[in-house]
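User: I would like to go through the labels attached to this model and see what each of them rests on. Please set the values against the cut-offs.

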Amino acid sequence: MEAELMALAAAGATALVQQMATDSWSSARGRVAAFLSRRARDGAAADEETVEGELEVSRGELAEARDAGDEQVAADVESEWRTRLRRTLAADPAAAAELRSLLDELAEGAAGVREGDVHNTISGGVQYGPVVQARSVGSLNFGAAVRPGPEA
């Protein structure tokens with residue numbers, strides 16, 4: 001059973017670190033912090049805000065490491081959370097079912113994020129200059145293209 005818990009902790013740490021780089025991080029952070037604060041090691045109650053703060057510190061370290069190309073620091077962040085999850089599971093093996101459920105939810109959330117289809121249509125005649133399509137645009141200035149005149 002110990003090998004299974006270690007594998008689950010490793011999968012959890014990998015998923016956690018992957019979530020740190022996504023737009024859904026705030027939701028994932030809250031779920032993981034709630035899990036860890038409920039399942040604090042040594043029977044001590046962990047404040048959820050404290051755990052969220054620790055997760056944010058790790059996310060910052062991970063972002064800096066990736067920007068600098070420092071794979072060792074990135075691996076250290078993952079290792080830190082793998083160890084923490086392993087200790088949590090060792091102290092309370094019943095937490096494994098909750099962690100599996102949490103990982104499934106995170107995976108579903110990540111799979112549900114997909115890019116939408118984009119269909120562009122330009123109407124109103126022939127365009128002789130740049131065409132910009134956007135949801136909103138501030139002030140843009142383009143030089144006017146010379147339109148071909150009637151042939152003389």
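Predicted model: local features only at pLDDT ≥ 70, side-chain atom pairs only at ≥ 80, totals over all residues.

User: Why is Gln 19 called buried?

Analyst: Gln 19 has a relative accessibility of 5%, and buried means under 20%. The value is under the cut-off, so Gln 19 counts as buried. This residue lies in helix α1.

User: What makes the pair Gln 19 and Ser 24 a polar contact?

Analyst: The contact joins the side chain of Gln 19 to the side chain of Ser 24 at 3.1 Å. A polar contact needs N or O atoms within 3.5 Å, one able to donate a hydrogen and the other to accept it. The distance of 3.1 Å therefore meets the distance cut-off.

User: How do you know what span to expect for helix α4?

Analyst: Helix α4 covers residues 71-91, which is 21 residues. The expected span is 1.5 Å times one less than the number of residues, and for α4 that comes to 30 Å. From its first C-alpha to its last, α4 reaches 30 Å, close to the expected value.

User: Which residues of α4 are buried, and why are they said to lie on the same side?

Analyst: The buried residues of α4 are Ala 74, Val 77, Trp 81, Arg 84, Leu 85, Thr 88 and Leu 89. They cover an arc of only 135° around the axis, so they are on the same side of α4. The face turned away from that buried side carries the exposed residues Glu 71, Gln 72 and Ala 91.

User: What makes Asp 70 a cap of α4?

Analyst: A side-chain oxygen of Asp 70 lies 3.2 Å from the backbone nitrogen of Gln 72, at the N-terminal end of α4. With a cut-off of 3.5 Å for N or O atoms, the 3.2 Å distance is therefore within the limit.

User: Which residues have the most contacts inside the largest nonpolar core, and which elements give two or more residues to it?

Analyst: This core has 28 residues, and those with the most contacts inside it are Leu 55, Trp 81, Leu 89 and Leu 99. The elements giving two or more residues to this core are α1, α2, α3, α4 and α5. The largest share, seven residues, comes from α1.

User: What does Leu 99 touch, leaving out residues up to four places away in sequence?

Analyst: Leu 99 touches Leu 8, Phe 35, Leu 85 and Leu 89.

Technical notes:
Residues numbered from 1 in each chain as written. Heavy atoms only, no water. Helix = DSSP H or I, 4+ residues; strand = E, 2+ residues; numbered from the N terminus. Buried < 20%, exposed > 50% of the residue type's maximum accessible area, 1.4 Å probe, protein only. Arc of directions from axis to C-beta. Core = buried A, V, L, I, M, F, W, Y, C linked by side-chain atoms within 4.5 Å. Contact = heavy atoms within 4.5 Å.
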